Protein chains: 2
Amino acid sequence: MNELKFPEGFEEVECPAEKTILLIGNKWSLLIIRELILADRPLRYNELAKNLKKISSRTLSKKLKNMASYGIIKKTIIDDSPIKVEYTLTEKGRELYKVTQPMADWSKKWHKF
Amino acid sequence: MNELKFPEGFEEVECPAEKTILLIGNKWSLLIIRELILADRPLRYNELAKNLKKISSRTLSKKLKNMASYGIIKKTIIDDSPIKVEYTLTEKGRELYKVTQPMADWSKKWHKF
């Protein structure tokens, strides 16, 4: 595994819940995690881009790079022709369903959909 | 109960977990919720300000106002001398422990503290 790299100031944050927010507390990270959980298999960059319709290529690349550096997803390069790049949740990433599911449950109970 | 008011674009968000992040996905909101959960009683503005050492008065006021407008906390004005202002979690707010606890658990498992 590559060395992990967290956002600036991450190590100094004392509240555990706040650390989680620092890593996944934004729209696109949540949606990428959801895609990977639902797919339950590695997804190629193009599959993610297709499913997350409105995401720009720049944002998707940046989010994937960050999430890999946090140890949430793993990037695999397959030496095929053409070369394939796949992303999969790590064990740390898969366990995020324990966080995102309660988030969704709370919201469904208290807001209109 | 006063009419609820959500952030701009909130109603259009389709992902329930994302709605939760929109409401509580920031450091100070999480810490205010934690204070109120731990206290398990109404807290006065000054108590919150004292416990959240580094928060500015402006930020605390703004966060409390927002969280009241989301239906997460309730502001009560007590006609005493001097007038007291107390904040308490609503039922919607109390149920956020189901979200913040898994956030903390995940972080504690995967990061150093």
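Select A:Phe6, A:Phe10 and A:Tyr70, which ring pairs link into a cluster. The model is a predicted one, and over all chains it holds four aromatic pairs. Keep A:Phe6 and A:Tyr70 highlighted: their ring centres lie 6.2 Å apart with the planes at 15°, so this pair is stacked. A:Phe6 belongs to the segment before helix 1 of chain A, whereas A:Tyr70 sits in the loop between helix 4 (57-69) and strand 2 (73-78) of that chain, so the pair ties together parts 64 residues apart in sequence. Both A:Phe6 and A:Tyr70 are buried.

B:Phe10 has a relative accessible area of 2% and is buried.

Now display both chains and select the residues where they touch. Here 37 residues of chain A are in contact with 37 residues of chain B. The area buried between the two chains is about 3,100 Å², and carbon and sulfur atoms give 73% of this area. Twelve residue pairs are in polar contact between chain A and chain B, counting those with both residues at pLDDT 80 or more. On the side of chain A that touches chain B, the elements giving two or more residues are helix 1 (16-24), helix 2 (27-39), helix 5 (91-94) and helix 6 (97-110).

Select A:Glu95 and B:Lys109, whose closest N and O atoms are 2.9 Å apart in a salt bridge. A:Glu95 lies in the loop between helix 5 and helix 6 of chain A and B:Lys109 in helix 6 of chain B, so the pair joins two chains. A:Glu95 counts as buried, at 14% relative accessibility. Then select A:Lys109 and B:Glu95, which also meet in a salt bridge, 2.9 Å from N to O. B:Glu95 is buried, with a relative accessible area of 13%.

For the last stop, return to chain A. Over all chains there are six salt bridges, one of them between A:Glu47 and A:Arg41 at 2.9 Å, N to O. A:Glu47 is buried at 19% relative accessibility, while A:Arg41, at 42%, is partly exposed.

Methods:
Residues numbered from 1 in each chain as written. Chains lettered and ligands numbered in written order. Predicted model: local features only at pLDDT ≥ 70, side-chain atom pairs only at ≥ 80, totals over all residues. Heavy atoms only, no water. Contact = heavy atoms within 4.5 Å. Buried area = accessible area lost by both parts, 1.4 Å probe. Salt bridge = Lys/Arg side-chain N within 4 Å of Asp/Glu carboxyl O. Polar contact = N/O pair within 3.5 Å; in protein donor to acceptor, adjacent residues only side chain to side chain. Helix = DSSP H or I, 4+ residues; strand = E, 2+ residues; numbered from the N terminus. Phe/Tyr/Trp six-rings, centres within 6.5 Å; stacked < 30°, edge-to-face > 60°. Buried < 20%, exposed > 50% of the residue type's maximum accessible area, 1.4 Å probe, protein only.
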